[in-house]
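Reader: I have a new structure to go through. Please take me through the terms one at a time.

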Amino acid sequence: MVALRFARRGVCGGRSAGKSRSPPGAVGRLANGAQAEKCGDAVIPQSEWTWHGHAAHLSVRGRCRHHLTTVVGKYVISTLGDYVPDPRNAPDVRETIGSGNDDYYETMVWTLAGYCVEGCCPQIGNDLDDTKRYATALLANIGHLAMCLKYAAQQETA
Ligand SMILES: [Zn+2]
């Protein structure tokens, strides 16, 4: 089991934004049962995050088999990867999306610019230059949740 642990004033920069609706020490739960401790005095509880099915960033997002898109307050946390450039002719051949040899997945953080006409897809605004890259989908899942928790900790609820 993989467990993520953040120092109370560690990973997220430690800024507490005041009143919290969630109990201290609340945890995020990953699909594999691992837990991530909430970062600092997080103020946007997971019940207020929204998850979206479409990939949110990268020009080749339509050929990324893995993607997670979460709106946490005024930010979009977008993770994608497992990029298969030619799914029709070479469905098992994937390429990296970063410059490193094992950069098969990445998480990026953007401002939320709005939603698509149908209202289902968050539209990304400015890149916050807070990018993480990973070799595996499991690490990408953990990294995505960690990033969501980090930004949840830095904002007031609406
Ligand atoms: Zn949409």
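Reader: Why is Thr 111 called partly exposed?

Author: Start with the source. This is a predicted model; local features need pLDDT of at least 70, side-chain atom pairs count only at pLDDT 80 or more, and totals for chains, interfaces and linings use all residues. Residues are numbered from 1 along each chain as its sequence is written. Now the term. A residue is buried if 20 or more other C-beta atoms lie within 10 Å of its own, exposed if 12 or fewer, and partly exposed in between, with C-beta atoms placed from the backbone. Thr 111 has 13 other C-beta atoms within 10 Å, so it is partly exposed.

Reader: What makes Ala 135 partly exposed?

Author: Ala 135 has 15 C-beta neighbours inside 10 Å, so it counts as partly exposed. Ala 135 is found in the loop between S8 and H1.

Reader: Which residues does Ala 135 touch?

Author: Two residues are in contact if their C-beta atoms, placed from the backbone, lie within 7 Å. Not counting residues up to four places away in sequence, Ala 135 touches Asp 102 and Tyr 104. Thr 111, found in strand S6, is in contact with Lys 74, Tyr 75, Gly 125 and Asn 126, leaving aside its neighbours within four places in sequence.

Reader: How do you know that S6 and S7 pair?

Author: Two strands pair if DSSP finds at least two bridges between them. S6 and strand S7 (residues 122–127) have four bridges, in the antiparallel sense. Tyr 115 stands opposite Pro 122 in S7. S6 and S7 form a hairpin with six residues between them, and Gly 119 in the turn has a positive phi of about 85°.

Reader: Which strands does S6 join through three bridges and through seven bridges?

Author: Three bridges join S6 to strand S8 (residues 132–134), and these run antiparallel. Thr 107 stands opposite Lys 132 in S8. S5 and S6 pair over seven bridges, also in the antiparallel sense. There, Gly 81 stands opposite Tyr 105 in S6.

Reader: What makes a group of residues a nonpolar core?

Author: A nonpolar core is a set of buried Ala, Val, Leu, Ile, Met, Phe, Trp, Tyr and Cys residues joined through C-beta atoms within 7 Å. The largest one here has 28 residues. Those with the most contacts inside it are Val 72, Ile 77, Cys 148, Tyr 151 and Ala 152. The elements giving two or more residues to this core are strand S4 (64–72), strand S5 (75–83), strand S6 (105–115) and helix H1 (137–152). H1 gives the most, with nine residues.

Reader: Which residues is Val 72 in contact with?

Author: Leaving aside its neighbours within four places in sequence, Val 72 is in contact with Ile 44, Trp 49, Ile 77, Cys 148, Tyr 151 and Ala 152.

Reader: How many residues of H1 are buried?

Author: H1 is mostly covered, with 13 of its 16 residues buried. In the protein, buried residues make up 32% of the 158 residues.
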